[in-house]
Amino acid sequence: IINEDYRAIATEHVRARMAGEVVSVHYEVTGKKKDGTLNRVEFYGSRVVIDGKPTIIGSMIDITERTRAQGILKRSEANLKIILDTTDTAYALLDRKLNLMEFNQMAVKFLNSQYDHIPAKGDQLADYFPKERLPEFIKSARKVLKGINVTYEINYPQPDGSVFWYCVRLFPITNDKNEIFGILFALSDITESKNAEERLKTAYAQIQDHMNSIKDMAWKQSHLMRSPVANLKGLADLLKDDGLDDEILKYIYIELERLDKVIIEMAEDVSNHDL
């Protein structure tokens, strides 16, 4: 499902997580549909350990339309006349000094809900951007003004105790002379993807706990069952000392050993069971 040009990237991200070099990744690649057409997909994935083995839990989202819309915006002139208001992504255009030049309705909604601010053209971002987040944003903005695309995730705790997660993308905007005059700010709500990932982690953790309980129960049951077997062996030894027929005693021992072996195998089968 991954286009040939991006398979090495996807493979490396999987390898890094399985090796424990990183815990989670968030990246985009070009995918390939069943009919051979290409689309753009976004991956979120984290490394977890299940039954002692590294495993990846994540999600894949088709972002073809969003990517196309961003491409249109990146090709626009300095004073963007139209920024898509039909998308669920917040867009804003900043000049080199981080003054707000253009924005769409989703950006208005975000700024109002998270910063309690109604944006207006000419706003200086630093006037209402959280002070603790501003240095990191400025650092990213400087990279973009050098022609580098920047992507990162950010969270906003809410008064009710919940947390909203967003994916932030920063792109350089150029004019006809290929000069960078501003930054396109794109923000997407990824809360559901994050929550789904956490639910998967919780579910796997519960499954792991359940499997461990089954293993513990199996061993406990095996020990309980082996106790009377041991007693029977002891009685057989006493019978042997009393001169019981050797042939009958031989069969008793054979059956006791067979029962003991079956109990051990049952416990080991449960213990070695993989999810």
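E192 is exposed, with a relative accessibility of 52%. In this predicted model, the side chain of E192 forms a salt bridge with that of R199, at 2.7 Å from N to O. R199 is partly exposed, at 47% relative accessibility.

**Salt bridges**

The whole structure holds 10 salt bridges. The table lists some of them, including the pair just described.

| Salt bridge | N to O distance |
|---|---|
| R199 and E192 | 2.7 Å |
| R40 and E28 | 3.6 Å |
| E4 and R7 | 3.8 Å |

The bridge between R40 and E28 links distant parts of the chain: R40 lies in strand β2 (residues 38-50) and E28 in strand β1 (residues 24-32), 12 residues apart. E28 is partly exposed, with a relative accessibility of 25%. Through shared partners, salt bridges join E28, R40, E42 and R169 into one network.

In the pair formed by E4 and R7, E4 is partly exposed at 43% relative accessibility, and R7 is also partly exposed, at 41%.

In soluble globular proteins, nonpolar side chains tend to be buried together. Here the largest nonpolar core has 26 residues, and F137, L170 and I183 have the most contacts inside it. At least two residues of this core come from each of β4 (90-95), α3 (105-115), α4 (134-144), β6 (150-157), β7 (163-174) and β8 (180-189).

I183 illustrates the contacts. Leaving aside residues up to four places away in sequence, I183 touches A92, L93, L94, L98, A141, V144, L145, L170, F171 and I173.

**Helix α4**

The buried residues of α4 are L134, F137, S140, A141 and V144. Viewed down the helix axis, the buried residues of α4 fall within an arc of 125 degrees, so they line one face of the helix. The cover over these buried residues includes β4, β6, β7 and β8. On the other side of α4, P135, E136 and R142 are exposed.

**Surface patch**

Nonpolar residues also occur at the surface: L200, Y204 and I207 form a nonpolar patch there, with about 230 Å² of accessible area together. Y204 is found in helix α5 (residues 191-241) and is partly exposed, with a relative accessible area of 34%.

Methods
Residues are numbered from 1 along each chain as its sequence is written. This is a predicted model: local features need pLDDT of at least 70, side-chain atom pairs count only at pLDDT 80 or more; totals for chains, interfaces and linings use all residues. Side-chain values use heavy atoms; hydrogens and water are left out. Patches are made of residues with over 30% relative accessible area and no salt bridge: like charges are joined within 9 Å, nonpolar side chains (Val, Leu, Ile, Met, Phe, Trp, Tyr) within 5 Å. Accessible areas come from the Shrake-Rupley method with a 1.4 Å probe; for residues, only the protein chains shown count as cover. A salt bridge is a side-chain nitrogen of Lys or Arg within 4 Å of a carboxyl oxygen of Asp or Glu. Helices (H or I, at least four residues) and strands (E, at least two) are DSSP runs, numbered from the N terminus. Buried means under 20% relative accessible area, exposed over 50%, partly exposed in between (1.4 Å probe, protein chains only). A nonpolar core is a set of buried Ala, Val, Leu, Ile, Met, Phe, Trp, Tyr and Cys residues joined through side-chain atoms within 4.5 Å. Contact means heavy atoms within 4.5 Å. The arc is that of the directions from the helix axis to the C-beta atoms.
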